[in-house]
Amino acid sequence: MIDGGCFCGAVRFRIEGALKGAQACHCSRCRKAFSGASSAYAEIADGSEFRWITGENELCTYTSAQGWGLAFCRTCGSTLCGIFDGKVHGVTLGTVDGDPGVQIEMHTFVGSRAPWDHIGGGRSSV
Ligand SMILES: [Zn+2]
Ligand SMILES: [Zn+2]
């Protein structure tokens, strides 16, 4: 079971099952959509079930011309999930509580990354 929610706590979700295909996409659209260096996103694994626990009516959605969408909390702005064909397709890893059971497998559109995006490099602090 994987639980998650938004920054302000109004919206909570639960996945009975697992995630798969964790990716970080560094394209310019994902930077805007995820407000960061990249997306950090994983799909709901086949046979797993996603549901909103609380706050579903607090969600706002954005749908692109290509048909995919994002749902975010209207109060705090956390982007919670990706929507495809009207269904939740996956979740943003940053909104998952604890260990989502997957790690980023692939960085995509690295050639389009922001000038300030230094993947895996630079100094870190604990
Ligand atoms: Zn919120
Ligand atoms: Zn992207």
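**Note on the sheets and core of a predicted model**

1. Three strands make an open sheet: 3 strands in the order 1-2-5, with antiparallel pairing. Two strands count as paired if DSSP finds at least two bridges between them, and strands (E, at least two residues) and helices (H or I, at least four) are DSSP runs numbered from the N terminus. At the edges of this sheet stand strand 1 and strand 5 (49-54), each of which pairs on one side only. On average, neighbouring strands here are turned by 25° against each other, direction ignored; axes are lines fitted to C-alpha atoms, for helices over the stretch in contact, and angles run from 0 to 180 degrees between N-to-C directions.

2. The structure is a predicted model, in which local features need pLDDT of at least 70 and side-chain atom pairs count only at pLDDT 80 or more, while totals for chains, interfaces and linings use all residues. Residues are numbered from 1 along each chain as its sequence is written, and chains are lettered from A and ligands numbered from 1 in the order in which they are written.

3. Strand 1 (residues 2-5) and strand 2 (residues 12-16) are antiparallel partners joined by 4 bridges. Among the bridge pairs, Gly-4 faces Phe-13 and Gly-5 faces Arg-12. The two strands form a hairpin with 6 residues between them, and Gly-9 in the turn has a positive phi of about 90°.

4. A second open sheet contains 7 strands in the order 6-7-8-9-4-3-10, and its pairing is mixed. Strand 6 (59-63) and strand 10 (106-108) are at the edges with a single partner strand each, so one side of each has no neighbour in the sheet. Neighbouring strands of this sheet are turned by 30° against each other on average, direction ignored.

5. Cys-81 has Val-91 as its bridge partner in strand 9, and Phe-84 stands opposite Lys-87. The hairpin of these strands has 2 residues between the strands, and Asp-85 takes a positive phi near 55°. Strand 9 is also joined to strand 4 by 3 bridges in an antiparallel arrangement; Glu-43 stands opposite Gly-90 there.

6. Which residues have the most contacts inside the largest nonpolar core? They are Leu-19, Ala-71, Phe-72, Cys-73, Leu-80, Cys-81 and Val-91, in a core of 23 residues. Such a core is a set of buried Ala, Val, Leu, Ile, Met, Phe, Trp, Tyr and Cys residues joined through C-beta atoms within 7 Å. A residue is buried if 20 or more other C-beta atoms lie within 10 Å of its own, with C-beta atoms placed from the backbone. Elements giving two or more residues to this core include helix 1 (28-34), strand 3 (19-25) and strand 4 (41-44). Strand 7 gives the most, with 4 residues.

7. Val-91 touches Gly-4, Ala-42, Leu-80, Cys-81 and Val-96, not counting residues up to four places away in sequence. Contact requires C-beta atoms, placed from the backbone, to lie within 7 Å.

8. Overall, the protein chain has 1 helix and 10 strands, in the sequence pattern β-β-β-α-β-β-β-β-β-β-β. Its radius of gyration, taken over C-alpha atoms, is 14 Å, close to the 14 Å that the globule rule gives for 126 residues, so the chain is as compact as a globular protein of that length. The globule rule is 2.2 Å times the number of residues to the power 0.38. Of the 126 residues, 28% count as buried.

Terms used. Buried ≥ 20, exposed ≤ 12 C-beta atoms within 10 Å, placed from the backbone. Contact = placed C-beta atoms within 7 Å.
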